[in-house]
Amino acid sequence: MRTEVCETFGIEFPLFAFSHCRDVVAAVTNAGGLGVLGAVAYTPDRLDEELRWIDEHVGGRPYGVDVLVPAKIDESARRAGRGEGGLDTMLAAVPAEHWSFLQGLFARYDVPLPDFERARRGNARGAGTQVTPEGATALIDVSLAHPIALIASALGTPPAVMVERAHGADVPVAALVGTAEHARRQVAAGVDLIVAQGGEAGGHTGEISTMVLVPEVVDTVAPVPVLAAGGIATGRQLAAALALGASGAWCGSVWLTTEEAETPPAVKEKMLAATSRDTVRSRSRTGKPARQLRSAWTDEWEGPDSPGALGMPLQMIIAEGAMRQITKVAESGNPGARALANYFVGQCVGQMNAVKPARQVVYDMMREFAEALDRLGALAAD
Ligand SMILES: Cc1cc2nc3c(=O)[nH]c(=O)nc-3n(C[C@H](O)[C@H](O)[C@H](O)COP(=O)(O)O)c2cc1C
């Protein structure tokens, strides 16, 4: 395969794999694609360890890192991230009615509460240091100290410091967008590779579908290369992405049911059974609309007793600790916890019906892609 991104990154197949799991990143890179490690959940030290592990397992082949740099966050969280007022400011910004809704939810579903005060403070610390511009900058510095081939920015236009430092280290910058207008702004900010992510995608996402968004973005930012994201899980869909003008595909959901993925077993089971109708865009986990498995958790946050989701990252303070406990209890078979458990995943979950090694997913996509080209070639010959 010789698309522009194959040439630029020295990869055989134009498939980029977003994953929080280092084993998936290494497996995809070693199979001929390009793995990108999602760094949002890591402290700088932990990220350094993960990248050292990847360096040791990819034999110099290219991989990337994705950092979440929010443009707009709650001001109390920003202050806490800077150490101004600390965790208490952030905890105080979460209204009491949200904590009592959460406690009521655990009681109704018969899920034991975790050590509440510890969980509250732990979550606030995580949200305050990582999902803030200050926290993200530390992750960018750690990433650029490794031989990464790409750094990606998940939310909003990457800050000038990210683009300057990456370009100073000769590392191209990618950014996710959900509209053509955002893509224009990203390119103006110095972004080298646009990931046009349609609303079918798992995680934070807009509303425009991949089929509509990709050609729009391609036309808007040409000659900057574009990767298509959202709903791509097969080689047929990758062929369609190239037909839309993309230079490759960027996939996130499809890795969640691979052997290597660290998806909790109860959630993996739900994903394997889910159809493409079983996801929803909800603010209930992070405060921003994110596509995830529909579950009792997402339904309850939309229900009549719900106080409504807070903004990012305050909603994360509520949701992340709660979901950790729900997932843990779900593993022991607790029916309430199993009903509530969910995770980010896109509509292509309906195509994720078997557990496979990540490298097999890449090989299957390569084969399906070749078959799709043959089929189209035969049509043209007729
Ligand atoms: C579990 C999960 C977590 C995600 N977290 C991030 C993230 O931290 N940063 C980011 O840039 N994109 C994130 N995404 C979006 C992916 O990068 C990717 O654009 C998306 O998964 C593509 O659509 P698909 O899910 O249909 O493959 C996440 C996606 C999933 C499924």
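Predicted model: local features only at pLDDT ≥ 70, side-chain atom pairs only at ≥ 80, totals over all residues.
Domain 1 takes in residues 4–72 + 131–255 + 356–377, while domain 2 takes in 75–129 + 264–340. Keep those ranges handy while you look around.

Now for the aromatic rings. A pair of aromatic rings is described by the distance of the centres and the angle of the planes. How many aromatic pairs are there? The count comes to 7. Here are two of them:

| Aromatic pair | Centre to centre | Angle between planes | Arrangement |
|---|---|---|---|
| Phe13 and Phe369 | 5.7 Å | 80° | edge-to-face |
| Trp297 and Trp301 | 5.7 Å | 55° | tilted |

Take the phenylalanines to begin with. Phe13 sits in the loop between α1 (4–9) and β1 (15–19), and Phe369 belongs to helix α17 (residues 358–381), so this pair ties together parts that are 356 residues apart in sequence. Are these two residues buried or exposed? Phe13 has a relative accessible area of 3%, so it's buried. Phe369 is buried as well, with 5% relative accessibility. The cut-off for "buried" is under 20% relative accessible area.

The tryptophan pair tells another story. Trp297 and Trp301 both lie in helix α14 (residues 296–302), and they are 4 residues apart, which is about one turn of the helix. Trp297 comes out at 0% relative accessible area, so that one is buried. Trp301, at 5%, is buried too.

Rings can also join up in groups. Which residues do ring pairs link into a cluster? They are Phe9, Phe16, Phe18 and Trp250.

Arg285 lies over the face of Phe344, at 5.0 Å from the ring centre.

Last stop: a sheet. Three strands make an open sheet, and their order is β7-β11-β10, with antiparallel pairing. Why is one side of β7 and of β10 left without a neighbour in the sheet? β7 (203–204) and β10 (279–282) stand at the edges and each has a single partner strand, so one side of each has no neighbour there.

How values were computed:
Residues numbered from 1 in each chain as written. Heavy atoms only, no water. Phe/Tyr/Trp six-rings, centres within 6.5 Å; stacked < 30°, edge-to-face > 60°. Helix = DSSP H or I, 4+ residues; strand = E, 2+ residues; numbered from the N terminus. Buried < 20%, exposed > 50% of the residue type's maximum accessible area, 1.4 Å probe, protein only. Lys NZ or Arg CZ within 6 Å of the ring centre and 35° of its normal. Pairing = 2+ DSSP bridges. Domains from an automatic or database assignment.
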